[in-house]
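Here are a few friendly notes to read with the model open beside you. Take them in order and find each part as you go.

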Amino acid sequence: MLTKYGLEGGLLYAFSAELRDQLQSKGHAKISLDLMPDIQTDQLGQRLSKPKGRNSLSNHLRKSGIAPVKSALVRDCCTNLDKDDMNAWAQALKSCPVLLTDMRPMDEAISTAGGVPFDELNEDFSLKSYPNIFCSGEMIDWDAPTGGYLLTACLSMGFHLGHAILARHDG
Ligand SMILES: Cc1cc2nc3c(=O)[nH]c(=O)nc-3n(C[C@H](O)[C@H](O)[C@H](O)COP(=O)(O)OP(=O)(O)OC[C@H]3O[C@@H](n4cnc5c(N)ncnc54)[C@H](O)[C@@H]3O)c2cc1C
């Protein structure tokens with residue numbers, strides 16, 4: 001999904017941990033997007049190479065089935081693109097290089113990975129170094145796939161450690 005501030009959506013979310021690591025280590029991350037996944041590059045090149053007639057390039061692309069938002073992204077990301085070379089357009093649409101420079105602020109995050117590593121935890125989610133302190137949910141360093149798994153995992157951890165505390169109390 002293209003927004004006024006960048007890219008978002010399930011696909012990006014699935015790669016967010018990897019992208020976060022690259023942003024941290026290199027200051028940027030490069031991805032390439034297939035903006036026309038339903039068609040092969042050569043077929044797309046043939047489709048775009050049909051005579052433009054009196055159409056402007058934008059109209060020609062639009063009438064060839066390329067949504068304006070896609071051609072705008074290609075223009076933005078492929079600054080060296082020969083605008084009249086339709087095979088180059090096809091390649092750029094099939095593999096549009098996007099440079100990511102930052103993530104949205106923490107306040108807007110749907111989920112975060114916390115700072116407590118799993119190997120610092122006992123099986124009941126108490127800290128190895130402070131066994132009377134328990135950790136649960138996003139304070140632990142883990143990434144869950146989106147789609148309900150975050151809440152499921154957080155609630156399951158809470159359930160598990162709650163029982164562990166009760167067992168200690170009973171014991
Ligand atoms: C907009 C949005 C949509 C989401 N949709 C989904 C979804 O559809 N499915 C899904 O699975 N997950 C979803 N999530 C993610 C999910 O809500 C979180 O993964 C989950 O709530 C994390 O639980 P948690 O207990 O680790 O942290 P939190 O729910 O953030 O709880 C931490 C609590 O600690 C409190 N706290 C913080 N600091 C202190 C302090 N110093 N002292 C005392 N208390 C403190 C906070 O006030 C908060 O109540 C969504 C998140 C957002 C923001």
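1. A crossing is left-handed if the near helix is turned anticlockwise from the far one by less than a right angle, and right-handed if clockwise. Helices are DSSP runs (H or I, at least four residues), numbered from the N terminus. Helix 3 passes helix 6 in a right-handed crossing.

2. This is a predicted model, where local features need pLDDT of at least 70, side-chain atom pairs count only at pLDDT 80 or more, and totals for chains, interfaces and linings use all residues. Residues are numbered from 1 along each chain as its sequence is written.

3. The axes of helix 3 (residues 41-48) and helix 6 (residues 86-94) come within 8 Å and cross at roughly 135°. Axes are lines fitted to C-alpha atoms over the stretch in contact, with angles from 0 to 180 degrees between N-to-C directions. Helix 3 is therefore oblique to helix 6 (under 35 degrees is roughly parallel, over 145 roughly antiparallel, 65 to 115 roughly perpendicular, the rest oblique).

4. Which residues of helix 3 meet helix 6? They are Thr41, Leu44, Gly45 and Leu48, and their partners in helix 6 include Trp89 and Leu93. Contact asks for C-beta atoms, placed from the backbone, within 7 Å.

5. Now the domains: an automatic or database assignment gives domain 1 (2-100) and domain 2 (110-170). Their centres, taken over C-alpha atoms, are 41 Å apart. In contact are 4 residues of domain 1 and 4 residues of domain 2. On the domain 1 side, helix 1 (residues 10-14) gives the most, with 3 residues.

Methods: Contact = placed C-beta atoms within 7 Å. Helix = DSSP H or I, 4+ residues; strand = E, 2+ residues; numbered from the N terminus.
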